[in-house]
Amino acid sequence: MLALIRRLRGRALASGEFALHAWPAAAGLAWTVLLLVFEHMARAEAYGTANPLSVGVCICSLAFAACSAAAVAEVVRAGVAGTVPLMLRLVPSAAAIASFGMTLWLMFHGIIGLRIWAW
């Protein structure tokens, strides 16, 4: 969103600036969708079978992990390359590190890629 506002105001985006903002946003979106799908699965009590809701939880958790890993990789790339100024990297970096930390926690507890129908 911030990148879009800057582009509309006439400021050219630095190389990799869009990806720096897009990957943490995609991770946040994947996390939100994961929670919504899990809530719908719980309301429908669709735990034991391979149905669209239980498969959706698995896919959304994998998408969240992939997006958060890509966000951290993009933060590291932007930091090493130095193409994006530090002040423009702070918020996306914090969001990427937080989402990747959540991914590590979920992975440690076996939630990432959880095939709930296989229990």
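## Secondary structure and overall surface

The secondary structure of this predicted model comprises 4 helices and 0 strands. Along the sequence, the elements follow the pattern α-α-α-α.

Of the 119 residues in the protein, 34% are buried. The accessible surface amounts to about 7,200 Å², and carbon and sulfur atoms contribute 73% of that area. Among contacts with a sequence separation of 6 or more, 71% are between residues 24 or more positions apart.

Helix H4 covers residues 86–108 and includes Ser99. Ser99 counts as buried because its relative accessibility is 10%, below the 20% limit for that class. When neighbours within four places in sequence are set aside, the contacts of Ser99 are with Ala27, Phe64 and Ser68.

Pro92 also belongs to helix H4. With a relative accessible area of 6%, Pro92 is buried. Beyond its neighbours within four places in sequence, Pro92 touches Leu20, His21, Pro24 and Val75. The C-alpha atoms of Pro92 and Val72 are separated by 9.2 Å, and the two residues lie 20 positions apart in sequence.

Leu86 is another residue of helix H4. Its relative accessibility is 52%, so Leu86 counts as exposed, the threshold for that class being over 50%.

Leu86 takes part in a nonpolar patch on the surface, together with Met87, Leu90 and Val91.

A search of the whole structure returns 0 disulfides. Cys58 is in no disulfide, and the cysteine sulfur nearest to that of Cys58 belongs to Cys60, at 9.4 Å. The reasoning rests on the cut-off: a disulfide requires the two sulfur atoms to be within 2.5 Å.

Both cysteines fall in the buried class: Cys58 has a relative accessibility of 10%, and Cys60 has a relative accessible area of 13%. These values place Cys58 and Cys60 in that class because the limit is under 20% relative accessible area.

Conventions: Residues are numbered from 1 along each chain as its sequence is written. This is a predicted model: local features need pLDDT of at least 70, side-chain atom pairs count only at pLDDT 80 or more; totals for chains, interfaces and linings use all residues. Side-chain values use heavy atoms; hydrogens and water are left out. Buried means under 20% relative accessible area, exposed over 50%, partly exposed in between (1.4 Å probe, protein chains only). Helices (H or I, at least four residues) and strands (E, at least two) are DSSP runs, numbered from the N terminus. Contact means heavy atoms within 4.5 Å. Patches are made of residues with over 30% relative accessible area and no salt bridge: like charges are joined within 9 Å, nonpolar side chains (Val, Leu, Ile, Met, Phe, Trp, Tyr) within 5 Å. Accessible areas come from the Shrake-Rupley method with a 1.4 Å probe; for residues, only the protein chains shown count as cover. A salt bridge is a side-chain nitrogen of Lys or Arg within 4 Å of a carboxyl oxygen of Asp or Glu.
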